[in-house]
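Please look over the sequence and the model below, and then follow the explanation through them.

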Amino acid sequence: VLTGRTPHRTGVPAIGNRLCLQEKTLPQALKTAGYVTAHFGKWHLNGVEGAGVPVLGDDPNHPGHYGFDEWLSTTNYFDVDPLMGRNGKFVALKGDSSEVIVKEALDFMKKQTQEPFLAVIWYGSPHFPWTAGADDTRGLPQGAKGKLANHLGELVALDRSIGTLRKGLRDMGVEKNTLVWYCSDNGGLPDDPDSVGKLRGHKGILYEGGIRVPGIVEWPGRIRPAVTDFPASTMDIFPTVADLLGLPKDSMLEVRDGESVLPLFD
């Protein structure tokens, strides 16, 4: 997402590796174009394994080193009442993690009255330790119990937070000129075959059930509702945005793996 390049080129082929500081990133490119940039949620690019902990100011690979003006970040997955780093300082927040970071992202957007913005929201859900609120596990399919019930309940909260985000953009009156790009990072769980659309495999496996995910792009001022089966990748996001804004070619490194999918918007 940040580089338009495969993780094997950027120093992060697996968990526990740091994103090379020599990379050129999407937020860096947008800052030169006058955008204000912010990161909210899971970072996972500073070489720290295990459960999420706050990303602090002395971290040599915190989001600020890659072009983010503001950041509210944790190293890995996070859940209810998350502990995070806000611009390098420790903060303890209350509430469901999905709703917390969307609220924080909207607060950031509301401050941008003159400049365009980039807000990267990387959720902690759905993920271990799978802790859903009681209201979000009501009405689930019969047989959904334990871990699966909490997994599905976290999806309910995540879905609600997406609605909060979209409503927030409309309340600010900026939805027609804001591009919202949503996708997952990997397939579903092995005990929930419906979550991978009945494809073979699941998270952690390289069959399509493990790597093929929905991608949803909303831009009411430009894109008419449509469905395409064109195969794309998260590595296409940076090249597409660069194409859309007419950014200089040197905004990205010369060797890249993604390509612009802007023609699909029309």
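Which residue has a backbone oxygen that lies 3.1 Å from a polar atom of the side chain of H39? That residue is K42, and the pair is a polar contact (N or O atoms within 3.5 Å, of which one must be able to donate a hydrogen and the other to accept it, while residues adjacent in sequence count only if both atoms are side-chain atoms). This is a predicted model, in which local features need pLDDT of at least 70 and side-chain atom pairs count only at pLDDT 80 or more, whereas totals for chains, interfaces and linings use all residues. Residues are numbered from 1 along each chain as its sequence is written, and side-chain values use heavy atoms, with hydrogens and water left out.

H39 lies in strand 1 (strands are DSSP runs of E with at least two residues, and helices runs of H or I with at least four, numbered from the N terminus). H39 has a relative accessible area of 0% and is therefore buried (under 20%, with exposed over 50% and partly exposed in between, for a 1.4 Å probe and protein chains only).

Strand 1 (residues 36-42) pairs with strand 2 (residues 70-74) in the parallel sense over five bridges, where pairing requires that DSSP finds at least two bridges. Within this pair, F40 stands opposite L72 in strand 2. Five strands form an open sheet of mixed pairing, in the order 4-3-2-1-5. Strand 4 (89-92) and strand 5 (117-122) each have a single partner strand, so one side of each is left without a neighbour in the sheet.

In the loop between strand 3 (83-86) and strand 4 is N87, which has a positive phi of about 50° although it is not a glycine, and which is partly exposed at 42% relative accessibility.
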